[in-house]
Amino acid sequence: MPGDDGSSLALAMLEAVGDPAMLLDAAGVVVAANSDARRSWPGLARGRHLSMSLRSPDVLSAVEAVRRGEARALCEYAERVPVERFFRLTVSALDSGEEAAPERPAVMLVFRDLTEERRLEMMRADFVSNASHELRTPLASLLGFIETLQGPARGDEKARERFLDIMREQARRMARLIDDLLSLSRIEMSEHRRPETPIDLADLARQTVETMRKAAEDRGVAVAFSAPDGPLVVPGERDDLIRVVENLVENAVKYGGDGGRVEVTARRIATTTGPAAELAVRDFGPGIAPEHLPRLTERFYRVDTAASRAKGGTGLGLAIVKHIVIRHRGRLAMESKPGEGATFRAIFPLDPA
């Protein structure tokens, strides 16, 4: 933005708004934009028409209405990529009482971010729907065993011990399910905010795999890790990235452990959008049929429901991984053939610094 007094004052006022905001001249060309707006729409630039950055008919119609003489116009604006975001836009006329001139602000746009409010609404509905469905079976089991212990098995010590073991597992399953549902909801709530803390993905993956090695060996699975000598720094949230490694390795051990080994690799790769860090987890188990691959990251989708529940799975592990990867502006790729194991690749943009 230019450094003359008028533009500097306008920019200072926009920065004080606290939401993405911008000024347009009478022709719809961007005169100034605050840092929130430039961060939200990197293509936004002074001297370019608004339509070059925001291709929304509703937004452009609201701007046009104000340019035609309305004092204010309201509309809603939604984005689907790279993550879903919702805004309420207020377009206001700036009437200085003077004839409009080139480079003079004539219209002000303020975008109020409604993403967290919308996500909270969806989270409440999803939580009630999913929790009620998935908790119904273990709750029914617990009630059945309690009634049996209070009735026919009241004096049967062996039956009591066996039933109590089953009840403990069902209670643990419900606890895991609730933990995963809350984790998924938390991640979805913050999915539109990209993490910015520099994290060495290679070192984080190495430490996480090391803490999981003993549990995998107890299941008869050897976990190998390899990474380059140098760091692989990505902008990220440490706890979320640890969760990605844990979930992918746990899945490989649980469902691909028949192959006896799991390979975890962190490396630098080139993508069409620039250099990236890839975390790949490969197992050598029975593999996954092609028709299941596109649906693996859906909530509660299981290739084999009975086997998944028997192994302690909640059906939410890969959904959590997918949303964490999306929040980090990365992507999740899956490859598998029946009888040849499966490979899951989480790819994150490298820190440009």
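In this predicted model, helix α5 (residues 157–189) and helix α9 (residues 317–327) have axes that come within 9 Å and cross at roughly 15 degrees. Because angles under 35 degrees count as roughly parallel, α5 is described as roughly parallel to α9. The crossing in which α5 passes α9 is left-handed. On the α5 side, the contact is made by D180, S183, L184, I187 and E188, and on the α9 side by A319, I320, H323 and I324. Sorted by class, the residues of this contact are 5 nonpolar, 2 polar and 2 charged.

From α6, the residues L201, L204, A205, Q207, T208, V209, M212 and A216 take part, and they meet R238, L241, I242, V245, E246, V249, E250 and V253 of α7. The contact of α6 with α7 divides into 11 nonpolar, 2 polar and 3 charged residues.

One residue of this contact can be followed further. L201 belongs to helix α6. Is L201 buried or exposed? Its relative accessible area is 1%, and because buried means under 20%, L201 counts as buried. Leaving aside residues up to four places away in sequence, L201 touches L232, V234, L241, A277, L279 and F348. The C-alpha atoms of L201 and V233 are separated by 6.0 Å, although the two residues are 32 residues apart along the chain.

The next element is a sheet. Strands of a sheet pair through backbone hydrogen bonds, either parallel or antiparallel. In this structure an open sheet of 5 strands has the order β7-β9-β10-β12-β11, and its pairing is mixed. At the edges are β7 (222–226) and β11 (331–336), each of which pairs on one side only. From one strand to the next, the twist averages 20 degrees.

Within the sheet, strand β9 (residues 261–271) and strand β10 (residues 274–283) run antiparallel and are joined by 10 bridges.

Strand β1 (residues 21–24) and strand β2 (residues 30–33) pair in the antiparallel sense, over 3 bridges. In this pair L23 stands opposite A32 of β2. The hairpin of β1 and β2 has 5 residues between the strands, and in this hairpin G28 takes a positive phi near 90 degrees.

Helix α2 (residues 35–40) contains S40. The relative accessibility of S40 is 19%, and because the cut-off for buried is under 20%, S40 counts as buried. When residues up to four places away in sequence are not counted, S40 touches P20 and R85.

Terms used
Residues numbered from 1 in each chain as written. Predicted model: local features only at pLDDT ≥ 70, side-chain atom pairs only at ≥ 80, totals over all residues. Heavy atoms only, no water. Contact = heavy atoms within 4.5 Å. Helix = DSSP H or I, 4+ residues; strand = E, 2+ residues; numbered from the N terminus. Nonpolar A, V, L, I, M, F, W, Y, C, P; charged D, E, K, R; others polar. Buried < 20%, exposed > 50% of the residue type's maximum accessible area, 1.4 Å probe, protein only. Pairing = 2+ DSSP bridges. Axes fitted to C-alpha atoms, helices over the stretch in contact; angles between N-to-C directions. Parallel < 35°, antiparallel > 145°, perpendicular 65-115°, else oblique. Left-handed = near helix turned anticlockwise from the far one by under 90°.
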